[in-house]
Amino acid sequence: MDRFPSLNPITTNLFIYSLTALLMMCNKPIFTANGCTPKDSGPVVPTTPLVTFLERVQETALRAYGPKGFDPKLYVDLSLKQNLSTTIEAFDKIKRNENGSVSIDELSGFVEKYLGGAEVDLVYVHPVDFVAEPEDFLPKVKRPEVRDWALEVHRLWKNLSRKVSGRVMEQPDFHTLLPLKNPVMIPGSRFREVYYWDSYWVIRGLLASKMYETAKGIVYNLISLIDEFGYVLNGARAYYTNRSQPPLLSSMVIDIYNETGDRDLVVISLPALLKEHKFWNSGKHKVIIQDGEGLNHSLSRYYAMWNQPRPESSTTDMETASKLSNKCAKTQLYRELASAAESGWDFSTRWMRNESDLTTLATTSVIPVDLNVFILKMELDITSLANAIGDSDTADKFLEASKARKTAINTILWNAETAQWLDYWLSESNLSEDVYKWDDSSQNKKSFASNFIPLWINSFNSDVKKVDEVVKSLENSGLVCQAGIATSLTNSGQQWDFPNGWAPLQHMIVEGLVRSGSEQARCLAEDIAVKWIRTNYVAYKKTGAMHEKYDVQKCGAYGGGGEYIPQTGFGWSNGVVLAFLEEFGWEKELKLDCEVSINVLL
């Protein structure tokens with residue numbers, strides 16, 4: 001009889017993930033790259049044997065099919081038809097050419113026999129709370145064509161609704177998809193799983209569509225990830241366990257609570273939010289900066305727990321790193337790539353020391369404006385939610401934490417000369433005993449849409465005089481274009497740069513402007529919202545689809561750039577359009593075509 005019980009692979013991996021996250025919070029390295037300490041001394045969450053094998057399949061497929069139209073993510077989304085050891089044995093026996101490559105026929109035969117398609121892990125499910133035309137749906141929309149289109153966007157929730165298939169639940173170690181209990185809304189196209197920060201704008205759209213139960217189910221799924229891993233994963237795949245994404249769970253919870261008054265949701269969510277707050281405020285994510293008066297401020301950064309090629313983009317990352325000759329430099333680049341993915345802005349010149357060279361990514365050396373605003377909002381949300389259930393101790397604690405972070409943001413990130421909040425670059429030359437000394441030259445003076453995200457929360461939009469200064473800065477920044485707000489002013493070919501505009505950035509800035517109470521801000525918000533609604537409408541009528549991103553240079557044009565082809569669907573774009581139409585409506589007289597003046601007010 002065995003003295004110790006055996007652990008199945010899933011239990012073993014969950015133990016490793018949890019231990020790694022715990023040690024990360026203690027700022028202890030788990031594994032380090034050979035010869036790369038102390039530069040890359042951060043933690044690494046081990047991946048699963050299945051993911052490692054599917055990366056081999058991915059690399060083999062690239063050699064067989066060639067780079068044209070190749071999507072590396074497809075191969076790590078495949079599942080097993082037989083156990084892993086049998087599958088690996090069969091893969092190793094495939095006939096290879098002299099250069100080690102495999103013929104298309106041989107590879108196709110192997111995949112057909114041993115691997116399941118990427119689409120079978122999730123199956124369609126009709127949302128329980130979907131109705132064709134919800135009661136009191138977008139009452140401010142007066143123009144019939146806009147209402148008809150809005151109902152079409154509303155119906156897209158049915159297209160994007162999925163649940164994890166029974167085969168994933170029965171044999172989770174055969175799949176990279178994680179077994180979530182409740183139905184999900186996928187973004188669309190190649191993104192066949194739930195994603196963290198996408199979910200906030202999906203939920204905003206669901207609330208406009210009165211689909212409260214579906215919205216709650218998404219939140220409960222994300223909470224289950226915190227329960228298992230200690231943080232919300234980038235997405236619900238085994239290869240995403242090494243990083244998170246912008247922390248917006250508290251925003252989801254409080255928005256649903258404000259609509260429904262569901263106290264049970266708050267009670268269930270609060271412990272998870274406390275865990276998430278600890279994750280973002282400990283270990284490598286936490287940074288101390290000392291200001292010019294000798295006062296220390298705690299802020300946060302993105303820092304993925306990974307220093308190898310991202311499995312979903314393994315072949316792409318290896319090609320990028322091939323420009324570097326030093327193994328240590330490659331290891332550091334892999335962490336920077338993964339950390340940029342954790343930011344949601346993958347990729348952007350915002351994280352690059354040299355705008356023309358992706359290998360100069362230095363995401364972990366940046367204190368981002370938006371991340372710290374999200375965490376400040378988390379602290380304020382936790383305060384409100386704790387008060388709602390009578391937990392005054394937690395409320396008092398997080399109210400004090402929010403005050404400290406607001407002071408830190410205003411001290412380290414605010415720039416009075418530009419009237420913007422600026423990212424702060426960390427420099428080893430200013431580091432002493434784990435504390436960075438403030439240096440004015442370390443603020444990134446370039447304009448990014450993220451510089452205006454603080455407007456989203458009451459802490460920064462309640463001072464009307466200051467808001468008007470920021471509004472003038474935004475208007476003069478060059479970011480506000482014909483069809484919306486550009487992500488940056490640099491046309492680098494990366495997707496989180498000019499000329500792309502993204503729904504989340506439009507929404508946060510517009511909503512902040514509206515909430516400020518400034519008439520000047522409200523006018524600008526309306527102008528941006530009209531532009532964004534119009535470009536989404538025109539593009540939809542041209543292509544029959546909602547798009548992941550849009551080219552803000554031209555009304556009705558969708559975006560491009562980056563490491564994959566433009567995607568449609570699309571969860572957060574749908575959500576923001578519905579949220580804008582709920583807030584602003586659309587008058588009968590307001591035209592929809594791109595030729596009309598975009599300065600017409602609603």
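**The disulfide and its surroundings**

Cysteine 555 and cysteine 594 form a disulfide, with their sulfur atoms 2.2 Å apart; a disulfide here is a pair of cysteine sulfur atoms within 2.5 Å. By this rule the count comes to 1 disulfide. The model is a predicted one, in which local features need pLDDT of at least 70 and side-chain atom pairs count only at pLDDT 80 or more, while totals for chains, interfaces and linings use all residues. Residues are numbered from 1 along each chain as its sequence is written, and side-chain values use heavy atoms, with hydrogens and water left out.

The torsion about the S-S bond of cysteine 555 and cysteine 594 is about -65°, so the disulfide is left-handed. Cysteine 555 lies in the loop between β17 (550-551) and α20 (571-584), and cysteine 594 in the segment after α20, so the pair ties together parts that are 39 residues apart in sequence. Helices (H or I, at least four residues) and strands (E, at least two) are DSSP runs, numbered from the N terminus.

Cysteine 555 is buried, with a relative accessible area of 7%, and cysteine 594 counts as buried at 18%. Buried means under 20% relative accessible area, exposed over 50%, and partly exposed in between (1.4 Å probe, protein chains only). Cysteine 523 is partly exposed, with a relative accessible area of 36%. The closest cysteine sulfur to that of cysteine 523 belongs to cysteine 481 and is 20 Å away, too far for a bond.

Turning to the aromatic rings, a search of the whole structure finds 31 aromatic pairs. Rings of Phe, Tyr and Trp (its six-membered ring) pair if their centres lie within 6.5 Å; planes under 30 degrees apart count as stacked, over 60 as edge-to-face and the rest as tilted. Among these pairs, tyrosine 200 and tryptophan 201 are edge-to-face, at 5.0 Å centre to centre and with 85° between the planes. Both tyrosine 200 and tryptophan 201 are buried. Phenylalanine 374 and tryptophan 456 also form an edge-to-face pair, at 6.3 Å centre to centre and with 90° between the planes. Phenylalanine 374 lies in helix α14 (residues 369-388) and tryptophan 456 in the loop between β13 (435-437) and α16 (458-461), so this pair ties together parts that are 82 residues apart in sequence. Phenylalanine 374 and tryptophan 456 are both buried.
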